[in-house]
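This report describes one protein chain for a reader who is new to structural terms. Please keep the sequence and the model in view while reading.

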Amino acid sequence: MPGRLLRGLWQRWRRYKYRFVPWIALNLNRNPRTLRYVPEESKDKVISDEDVLGTLLKVFQALFINDFNKQSDILTMLPETVKSKYHDLLSVQHPRVKPLEYRHEQQNTFKPEEILYKTLGFSVAQATSSLISAGKGVFVTRGLVPKGAVVSMYPGTVYQKYEPIFFQSVGNPFIFRCLDGVLIDGNDKGISKVVYRSCNGRDRLGPFKMSDSTWLTSEICNPLAVGQYVNNCSNAHFDVSFL
């Protein structure tokens, strides 16, 4: 019995150690699994940064228009130059309706995942896998995803190489290490959740939120913020772009 327990613990450690930041730091030079050599930056990209930003802008604009009733009060506090851009966006989508009138005429709002489907032709969602002991994953719930499409974002606290993350990394399978050494903690529970909420509150400017914290809840405003639950056991890599 003790032997079986030890073997089980050893197998779990062998899978987990590649996510344990202190172990990675001590074994970085002699462990090829933690390294990926890319001769040229352009060869490492599946799609260009411009395409990524264009897709995200399209989705976020659609989400803004859909949720205009809640955004209109905040719009009144913005400088005129910034406010006019939002009004221009609304006028393009609804050329016959003025912004103030649109606030009263808008009756039905769609769920974020429905907006994603209407905008990109597919929707994704976090759900429990039907496979035994497979845990949670991300599934395409509607439509078809074309090759090279932006399918999700990896939300979380971003740590530079010199910033401490030891306690957050203990038992945490959601630490995403980028090629340049930057770490993203996408855990929505425990100390990671507390740290993100703290940073979210710290960076807030009055009524203006600098980051989205709804991915920590069951009511996600950004339907793409599910990337931390994407399962990938193959040798393929993720294309990550920072905003």
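A salt bridge is a side-chain nitrogen of Lys or Arg within 4 Å of a carboxyl oxygen of Asp or Glu. By this criterion the structure holds two salt bridges. The model is a predicted one, in which local features need pLDDT of at least 70 and side-chain atom pairs count only at pLDDT 80 or more, while totals for chains, interfaces and linings use all residues. Residues are numbered from 1 along each chain as its sequence is written, and side-chain values use heavy atoms, with hydrogens and water left out.

**Confidence and overall build**

The predictor's confidence in each residue is given as pLDDT, on a scale from 0 to 100. Across the chain the average pLDDT is 78, and 75% of the residues score at least 70. Helix α7 (residues 112-120) has the highest confidence, at a mean of 94, whereas helix α6 (residues 99-105) has the lowest, at 50.

Nine helices and five strands make up the secondary structure of the chain; helices (H or I, at least four residues) and strands (E, at least two) are DSSP runs, numbered from the N terminus. Their order along the sequence is α-α-α-α-α-α-α-β-β-β-α-β-β-α. Two residues are in contact when heavy atoms lie within 4.5 Å. Of the contacts between residues at least 6 apart in sequence, 57% join residues at least 24 apart.

**Surface and interior**

A residue is buried under 20% relative accessible area, exposed over 50% and partly exposed in between (1.4 Å probe, protein chains only). Of the 243 residues of the chain, 29% count as buried. Accessible areas come from the Shrake-Rupley method with a 1.4 Å probe, and for residues only the protein chains shown count as cover. The chain exposes about 16,800 Å², and carbon and sulfur atoms supply 57% of this area.

Leu-90 lies in helix α5 (residues 80-93). Why does Leu-90 count as buried? Leu-90 is buried because its relative accessible area is 0%. The C-alpha atoms of Leu-90 and Gln-61 are separated by 9.1 Å, although the two residues are 29 apart along the chain.

Ser-213 is placed in the segment after α9 (190-202). Ser-213 has 14% relative accessibility and therefore counts as buried. Leaving aside residues up to four places away in sequence, Ser-213 touches Tyr-196, Arg-197 and Asn-200.

Val-170 sits in the loop between α8 (166-169) and β4 (175-177). With 48% relative accessibility, Val-170 counts as partly exposed. Together with Phe-166, Phe-167 and Ile-191, Val-170 forms a nonpolar patch on the surface, with about 430 Å² of accessible area in total. Patches consist of residues with over 30% relative accessible area and no salt bridge; like charges are joined within 9 Å, and nonpolar side chains (Val, Leu, Ile, Met, Phe, Trp, Tyr) within 5 Å.

**Salt bridges and cysteines**

| Lys-189 | Asp-188 | 3.2 Å |

Lys-189 is partly exposed at 48%, whereas Asp-188 is buried at 10% relative accessibility. Arg-202 counts as exposed, at 60%, and Asp-203 as partly exposed, at 33%.

A disulfide is a pair of cysteine sulfur atoms within 2.5 Å. How many disulfides does a search of the whole structure find? The search finds zero disulfides. Cys-178 is buried, with a relative accessible area of 8%, while Cys-221 is partly exposed, at 45%.
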